[in-house]
Every structure is written in structure tokens, then in C-alpha cells.
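Me: Hi! Could you help me look through this one? I have a few quick questions.

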Amino acid sequence: EHWIYFQGVWTGAWSDPALVSIAIEQSGDVYYLVYLYGQRGTDQVGRRTRPPATLEGRNVVSQLPAQKVTLIYDPNTRQVRLRWDDPQGRNGSTLLKKDRDS
């Protein structure tokens with residue numbers, strides 16, 4: 001099952017100074033995307049969401065309030081990329097790095 005690729009905590013720079021941390025949690029048969037958003041250089045977490053997540057191929061897809069979030073796993077490099085798409089057609093992405101402690 002492709003959920004295994006996403007185990008642990010993944011972090012990346014969303015935009016300067018914004019940081020994002022992503023993790024997958026399981027509760028019974030349901031998976032959730034835990035999404036933490038904060039500011040570089042502070043301990044302050046701007047927001048935390050935990051929407052349900054589904055697999056589409058080997059990617060994880062989740063719907064946040066204002067955007068669709070996709071975690072894209074590259075089996076060749078073993079890297080995870082976070083991509084977002086909003087209803088206005090804007091999108092962006094950032095490469096995530098696995099947290100050493102996870």
C-alpha cells in the first residue's frame with residue numbers, strides 16, 4: 001500500500017518565511033493529512049488542519065478549506081513534493097524533506 005511512502009513528518013518552505021509540516025495519521029480505516037503552517041524563526045503555528053486524505057495512484061490527495069493539496073511521491077528519487085491548487089486555477093509546489101526525528 002502506497003501510504004508507507006509518506007510515513008513520518010515532512011517539512012518544507014512554502015514561501016519565505018512560511019514553513020509547512022505534513023504528516024499522515026490513521027484512525028481505523030480513515031487516513032488524515034495533518035497540516036501545520038508556521039512562520040520561520042518563531043515557535044508560533046499559524047494553523048493546523050486535519051482533513052481526510054485519499055490515495056490517487058501513489059499520491060495523497062486532501063481538500064483544505066481553500067485549496068486541494070496533493071503529496072506527490074517520486075519513486076526514483078524517494079522525494080515528496082507538496083502541490084496546492086486553488087479554485088481560481090492558481091497552483092504551486094515545494095519539495096518536502098523528511099524530518100530526521102520521524
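Me: Which residues is T49 in contact with, leaving aside its neighbours within four places in sequence?
Reply: This is a predicted model, and in it T49 is in contact with L33, V34, Y35 and L64.

Me: Thanks! Is T49 buried or exposed?
Reply: T49 counts as buried, because its relative accessibility is 15% and the cut-off for buried is under 20%.

Me: And which strand is T49 found in?
Reply: T49 sits in strand 4, residues 45-49.

Me: Okay, new topic: the largest nonpolar core. How many residues does it have?
Reply: That core has 18 residues, and I22, I24, L71 and L96 are those with the most contacts inside it. At least two core residues come from each of strand 2 (18-27), strand 3 (30-39), strand 7 (68-74) and strand 8 (79-85).

Me: What does L71 touch, not counting residues up to four places away?
Reply: Quite a list! L71 touches F6, I22, I24, L33, N59, V60, V80, R81, L82 and L96.

Me: Now the pairing. How does strand 6 run relative to strand 7?
Reply: Strand 6 (residues 59-63) and strand 7 run antiparallel, joined by four bridges. Q63 stands opposite K68 there, and the two strands form a hairpin with four residues between them.

Me: How many bridges are there between strand 7 and strand 8?
Reply: Seven, in the antiparallel sense. One of the facing pairs is T70 with R83 in strand 8.

Me: And what about the turn in that hairpin, between strand 7 and strand 8?
Reply: Four residues lie between those strands, and R78 in the turn has a positive phi of about 60 degrees.

Conventions: Residues are numbered from 1 along each chain as its sequence is written. This is a predicted model: local features need pLDDT of at least 70, side-chain atom pairs count only at pLDDT 80 or more; totals for chains, interfaces and linings use all residues. Side-chain values use heavy atoms; hydrogens and water are left out. A nonpolar core is a set of buried Ala, Val, Leu, Ile, Met, Phe, Trp, Tyr and Cys residues joined through side-chain atoms within 4.5 Å. Buried means under 20% relative accessible area, exposed over 50%, partly exposed in between (1.4 Å probe, protein chains only). Contact means heavy atoms within 4.5 Å. Two strands pair if DSSP finds at least two bridges between them.
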